[in-house]
Amino acid sequence: MMLEESIRILAMQEEILQFSHFTNEDAWELGSLMVSEAARNHLPVAISIRLNNGYTVFQYGFKGTNYNNELWLTRKYNTVRNVEMSSLRLFMLMKKNQETLEDRGLNAQEYVACGGGFPIRVAGAGVIGSVVVSGLDHMADHEFAAACMSQYLRIDGIPRLPVSF
């Protein structure tokens, strides 16, 4: 698949997977759904839902996850908070433009361009936080987050990259 097509699909996912509102209860319900889906599929992931003010409203790590996953969660969260797009879309854009994080003024110790960070966009308010996943291949981290958000929002048939988890 061409980079331009991947970027277009990722932008469409972000546009479609919007919330009408997002509360701590929504974070609990979405996070719990993600934990259930990960358990059902035997995925050793760490899941975090964080607001842009820095508050973590949900977090869970399966057996096999560790502090290294926490560091990845934080870097993915920082990226989404800064660029207001999925960390995978940033990865694809940077690959297309042959850029580095430093070219964008981002420190690689605090930010990362790889899949697994997805913006929580509220209609009329913009990006207010992030759903972040660590533990799989970065494409599968993204796909897992997008699939769970789609399920939670009851939105069927979102465009997907050809990745499975």
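Reply: **An enclosed strand and the helix that covers it**

Strands β2 and β3 run antiparallel and are joined by five bridges. The model is a predicted one: local features need pLDDT of at least 70, side-chain atom pairs count only at pLDDT 80 or more, and totals for chains, interfaces and linings use all residues. Residues are numbered from 1 along each chain as its sequence is written, and side-chain values use heavy atoms, with hydrogens and water left out. Strands (E, at least two residues) and helices (H or I, at least four) are DSSP runs, numbered from the N terminus; two strands pair if DSSP finds at least two bridges between them.

Four residues separate the two strands in their hairpin, where G54 takes a positive phi near 95°. Strand β2 also pairs with β5, again in the antiparallel sense, over six bridges.

R50 is buried at a relative accessible area of 5%, and it forms a salt bridge with E70, the closest N and O atoms being 3.3 Å apart. A salt bridge is a side-chain nitrogen of Lys or Arg within 4 Å of a carboxyl oxygen of Asp or Glu. R50 belongs to strand β2 and E70 to helix α3, so this pair ties together parts that are 20 residues apart in sequence. E70, at 26% relative accessibility, counts as partly exposed.

Helix α3 runs over residues 67-83, and N78 is one of its residues. Its 17 residues should span 24 Å at 1.5 Å a residue, and its end C-alpha atoms are 25 Å apart, which agrees; the expected span is 1.5 Å times one less than the number of residues. At the start of α3, a side-chain oxygen of N66 reaches to within 2.8 Å of the backbone nitrogen of N68. Just after α3, E84 takes a positive phi of about 55°.

The buried residues of α3 are N69, L73, R75, K76, Y77, N78, T79, V80 and V83. What covers them includes β2 (46-51), β3 (56-61), α4 (87-97), β4 (117-122), β5 (126-134) and α5 (138-153). N78 has a relative accessible area of 18%, so it counts as buried. Its contacts (heavy atoms within 4.5 Å) are with E110 and Y111, not counting residues up to four places away in sequence.

The side chains of K76 and D141 meet at 2.9 Å, N to O. K76 is in helix α3 and D141 in helix α5, 65 residues apart; both residues are buried.

A search of the whole structure finds eight salt bridges. Among them is the pair of E14 and R121, whose closest N and O atoms are 3.9 Å apart. This pair links distant parts of the chain, with E14 in helix α1 (residues 3-16) and R121 in strand β4, 107 residues apart. E14 is buried at 2% relative accessible area, and R121 is buried at 18%. R89 joins E14 and R121 in a network of salt bridges.

Disulfides, by contrast, number zero in a search of the whole structure, a disulfide being a pair of cysteine sulfur atoms within 2.5 Å. For C114, the nearest cysteine sulfur is that of C148, 18 Å away. C114 counts as buried at 10% relative accessibility, and C148 is buried with a relative accessible area of 2%.

Conventions
Buried < 20%, exposed > 50% of the residue type's maximum accessible area, 1.4 Å probe, protein only. Polar contact = N/O pair within 3.5 Å; in protein donor to acceptor, adjacent residues only side chain to side chain.
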